[in-house]
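Please go through the structure shown here with a brisk report in hand.

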Amino acid sequence: MKTELLGGISARKFLRDYWQKKPLLVRKALRDFVPLLTRDELIGLACRDDAQSRLITQKNGEWRVRAGPFAARAFSRLPERQWTLLVQDVNHFLPSARNLLLKFRFIPHSRLDDLMISYAPQGGGVGPHFDSYDVFLLQGMGCRYWQISAQRDKTLVAEAPLKLLRDFRPEQEWLLEPGDMLYLPPGYAHYGVAKDPCMTYSIGFRAPSYQELVTQFLVYLQDHTVIKGMYRDPDIRLHSNPGRISREMLSQVNAALTNIKWGRDDVKRFTGMYLTEPKPHVFFTPPSHPMPREEFANEVRKGKLRLNLKSRMLYRGKSIFLNGEVYTAGPSALRVLEKLADRLALPDMEELDEEALALLYQWYLYDHVEIELVAGSKP
Ligand code: SIN
Ligand code: CO
């Protein structure tokens, strides 16, 4: 099926020919683009301590990076040009941002990171750089010049407070207008400069390094490995070099280490838990006056249940992963929960599986799912 979002090419063709391979420029990816928020609302998010934000300024070729949360007055003292405010995880705050992300569901949720939104007055940008993830750069308000390059030289400016390519050699350039979008695969050099006050929406898809995956898997193993026994040496021999580690000792340590075992089930559990683990600044606030279970069940049947905007949910086989935890469920409960993980909300239904309801109610008490009171608003 052709999609306007991808400039009339099908999602299948996009994945085959562009995804992780080459850039794609789409003019009018979103027709009649409606901005998700204003500059002042973005600044409001940057002042919250549950949002991650950065302010990048440039003066006489000197770059400066400050991390949020910011006081609102920090923005009244800024120069008229050449600065950028970046706010991560805007999808944690705005239902409309989540709806925007849902347009990209031809890529699995397991790859999605977040929606970052930047605001820059004229001349603002974050310098020439490359990112380690796939990104769709959707132009919101205003216009931005983008230059890109397939260059192999990834040498960075030494001692700069942000990642800046030392020798950026642009190969293509465009002026993006509201609703235009540029897809870039990981490692593709790019440089965006605001032509006038502008906002850019970065829909980012994470690609963890193998080092990160293995490090986190070792943390998982540490929590899931129990090895019995302890070091013994009843046959120890008299040593003339007490400072030396004996061969017997090394063999015994080696034998103990070979007891570390993991199987495909651990790989599955780890992957689900790792990919749904909330970022460190994310907090859930359990409802202070939760509705009783029966009332909750009625709301769920009416199609009012949705995932908390901050929640991450995935599944595989009989396992459901939600915010770093793993749950198992029987086949009919799974059908309901898988729907929630795919659509991030549940449709109305006449029958509600009891096992699914029990889990959903538990998650509601944790604030991992919520009941939508008015369409599009947080209860
Ligand atoms: C921006 O929105 O200013 C920067 C986005 C990027 O280069 O990744
Ligand atoms: Co970038």
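## Model and domains

This is a predicted model. The domain assignment divides the protein chain into domain 1 (4–205), domain 2 (210–263) and domain 3 (293–371).

Taken over C-alpha atoms, the centres of domain 1 and domain 3 are 33 Å apart. Their contact draws on 12 residues from domain 1 and 11 residues from domain 3. About 1,000 Å² is buried between domain 1 and domain 3. Carbon and sulfur atoms carry 51% of that area. On the domain 1 side, His92, Arg98 and His109 provide 58% of the area buried against domain 3. No other three residues of domain 1 supply as much.

## Second largest pocket

The volume of the second largest pocket is about 540 Å³. Its lining consists of 19 residues. Nearest the centre of this pocket lie Ile236, Arg237, His239, Ser246 and Glu248.

How many residues of each class line the second largest pocket? The lining has 7 nonpolar, 5 polar and 7 charged residues.

Gln58 sits in strand 2, which spans residues 53–59. Is Gln58 buried or exposed? Gln58 counts as buried because its relative accessibility is 17%, and the cut-off for buried is under 20%. Leaving out residues up to four places away in sequence, Gln58 touches Trp63, Gln82, Gly123 and Gly125.

Gln151 belongs to a loop, the one between strand 7 (144–149) and strand 8 (172–176). With a relative accessible area of 4%, Gln151 is buried too. Which residues does Gln151 contact, apart from its neighbours within four places in sequence? They are Leu165, Asp167, Phe168, Arg169, Glu171 and Ala189.

## A partly exposed proline

Pro178 is placed in the loop between strand 8 and strand 9 (181–184). The relative accessible area of Pro178 is 36%, so this residue is partly exposed. That class runs between the cut-offs of 20% and 50%.

Where sequence neighbours up to four places away are not counted, Pro178 touches Lys28, Gln139, Gly140, Met141, Gly142 and Cys143. Pro178 and Val34 are 144 residues apart along the chain. Their C-alpha atoms are separated by 9.0 Å.

Conventions:
Residues are numbered from 1 along each chain as its sequence is written. Chains are lettered from A and ligands numbered from 1 in the order in which they are written. This is a predicted model: local features need pLDDT of at least 70, side-chain atom pairs count only at pLDDT 80 or more; totals for chains, interfaces and linings use all residues. Side-chain values use heavy atoms; hydrogens and water are left out. Helices (H or I, at least four residues) and strands (E, at least two) are DSSP runs, numbered from the N terminus. Buried means under 20% relative accessible area, exposed over 50%, partly exposed in between (1.4 Å probe, protein chains only). Contact means heavy atoms within 4.5 Å. On a 1 Å grid over the protein atoms alone, a cavity is a set of points where a 1.4 Å probe fits but cannot get out, and a pocket is an open set with protein on both sides within 12 Å along at least five of seven lines; lining residues have an atom within 4 Å of a point. Grid points are joined across faces, edges and corners, and a volume is the space filled by probe spheres set on the points. Ala, Val, Leu, Ile, Met, Phe, Trp, Tyr, Cys and Pro count as nonpolar, Asp, Glu, Lys and Arg as charged, and the others, Gly among them, as polar. Domain bounds come from an automatic or database domain assignment. Buried area is the accessible area (1.4 Å probe) that two parts lose on being put together, summed over both.
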